[in-house]
Amino acid sequence: MIKRNKILFRNIDWWVVIIYIIMIFFGYMNLYSVSPEKAEKQLIWILLSFTFIFIIFLFKPIHYKHITLFFFLLTLFLLIGVFFFGKNINGAKSWYVFGPISFQPSELSKISTSLMIAHIMSQEDIEKNNKTLLYIFIILVLPTFLIFLQPDPGSSIIFSSFLLTLYREGLSISFILYFLFYIFLFVLSLSLSPWIIVLFLFFSFIFLFFLKRNISLIDLFFYIFLFISFSVFSIFSPFFFQKFFKQHHKDRINILFQNEFDRKYRDNVGYNLLYSKTAIGSGKFFGKGYKKGTITKGKFVPEQHTDYIFCTVGEEWGFIGSVILIIFYLLFISRIYFLSERQKDIFGRIFGYSVGNIFFIHIIINLGMVMGLFPTIGIVLPFFSYGGSSLWSFTVLLFIFIRIDVSDQISLI
């Protein structure tokens, strides 16, 4: 047993572990600058996360494969249960609260869905098996839909990261392009009349029809189907937006089309974005110095300890510090992709890509939020934002993969 543990310890990929520890430490420093009280609690979550790492290494990868289905069904049960027993926080019924402890089941669903996708895809080839593709679609839609209904559109968007995993495993890039185009149409329909969009789509498809010679009947029906689906989606998007989005979600999306510096918006819906950009910009090239950020000290940015923690990095560490952080994130994700690609076991490769893609989408959207490129939708910055649920889910995701990678390298299944 001792010999086995030594072998496991020696074969851990220490590069990714070291980057993880550096980011945990740097994240804690920035959180302490924003709120020493929150940082004290975060320290407890950090110490407990090391306990989770120890527990993860007690199990073999084969055990994770065996519990995949049960774990996925459990998270679905918890996502349904939150509608009845959850507590409404910030307009979303997304949390179970037990005294001083709160728990967000959507964080668990990222882990269970990653395992489930890896389990199914490691058994079937999605390039040849449409039935498998249907199973994967159902697995992705169930948690995404339940999380969106809470409503927590931010967490539901994270599940789009699995499209990148599917692409790596052979899914046509057309599916990803269609998905992105639907998002584009949704945003466009909020600022333009849907009928103008439908008219534009009609002439676009007519142009493509005449551009492509010798078009087959199947292609013709496919183009007609795309035109109808895009048009219907464009027409119903404004209704869906008004009916199912909470007011604060609508405000956060609408402000992207406005000027947050305008007197009409800067004291209400544009307040967060205004001071977020101001904090980042005020850091200039070298930053104001640790714990010397005037906007951070004045607590001008709401939720700066969670979604807007990057403002602290920009203000206190400046452009240099922000770039260094982004480089560390890129190295971290690149290393996960590298480890995923070298897996001999297909399960490990697919799970690894899912882990890397979840981190990638979290980082891209969070940085886009604080700089006004994306709406504020409650996406945390990994290892920096305050919260036990998110920290634990990121840690568990990462170290399950590290555990799988160790066994893959030394063939200890």
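Accessible areas here come from the Shrake-Rupley method with a 1.4 Å probe, and for residues only the protein chains shown count as cover. On this basis the protein exposes about 21,000 Å², and carbon and sulfur atoms supply 72% of that area. The structure is a predicted model, in which local features need pLDDT of at least 70 and side-chain atom pairs count only at pLDDT 80 or more, while totals for chains, interfaces and linings use all residues. Residues are numbered from 1 along each chain as its sequence is written, and side-chain values use heavy atoms, with hydrogens and water left out.

The mean pLDDT (the predictor's confidence in each residue, from 0 to 100) is 85 for the protein, and 93% of the residues reach 70 or more. Confidence is lowest in helix H13, residues 263-266, with a mean of 64; it is highest in helix H16, residues 310-341, at 94.

The fold contains 18 helices and three strands, where helices (H or I, at least four residues) and strands (E, at least two) are DSSP runs numbered from the N terminus. The radius of gyration is 23 Å, close to the 22 Å from the globule rule for 413 residues, so the protein is as compact as a globular protein of that length. This radius is taken over C-alpha atoms, and the rule is 2.2 Å times the number of residues to the power 0.38. Along the principal axes, the C-alpha atoms fill a box of roughly 70 × 55 × 45 Å.

Of the 413 residues, 47% count as buried; buried means under 20% relative accessible area, exposed over 50%, and partly exposed in between (1.4 Å probe, protein chains only). Among contacts (heavy atoms within 4.5 Å) with a separation of 6 or more, 71% join residues 24 or more positions apart. As for charge, the protein carries 35 positive and 22 negative side chains, and the centres of the two sets lie 3 Å apart. Lys and Arg count as positive and Asp and Glu as negative, without His and the chain ends; each charge is placed at NZ of Lys, CZ of Arg, CG of Asp or CD of Glu.

Leu339 lies in helix H16 and has a relative accessibility of 1%. Leaving aside neighbours within four places in sequence, Leu339 is in contact with Asp13, Val16, Phe401 and Asp405. Phe401, in helix H18, is likewise buried, with a relative accessible area of 1%. Beyond residues up to four places away in sequence, Phe401 touches Leu339 along with Ile336, Ser340, Gln343, Gly348, Phe351, Gly352 and Val355.

Backbone geometry brings up two loop residues. Most residues other than glycine have a negative phi. Lys291, however, has a positive phi, near 65 degrees. Lys291 lies in the loop between helix H14 (271-282) and helix H15 (294-297) and is partly exposed at 34% relative accessibility. Phe383 also has a positive phi, of about 70 degrees, although it is not a glycine. Phe383 sits in the loop between helix H17 (346-370) and helix H18 (388-410), and counts as buried at 5% relative accessibility.

Finally, Lys41 in helix H3 (residues 36-56) is partly exposed, at 44% relative accessibility.
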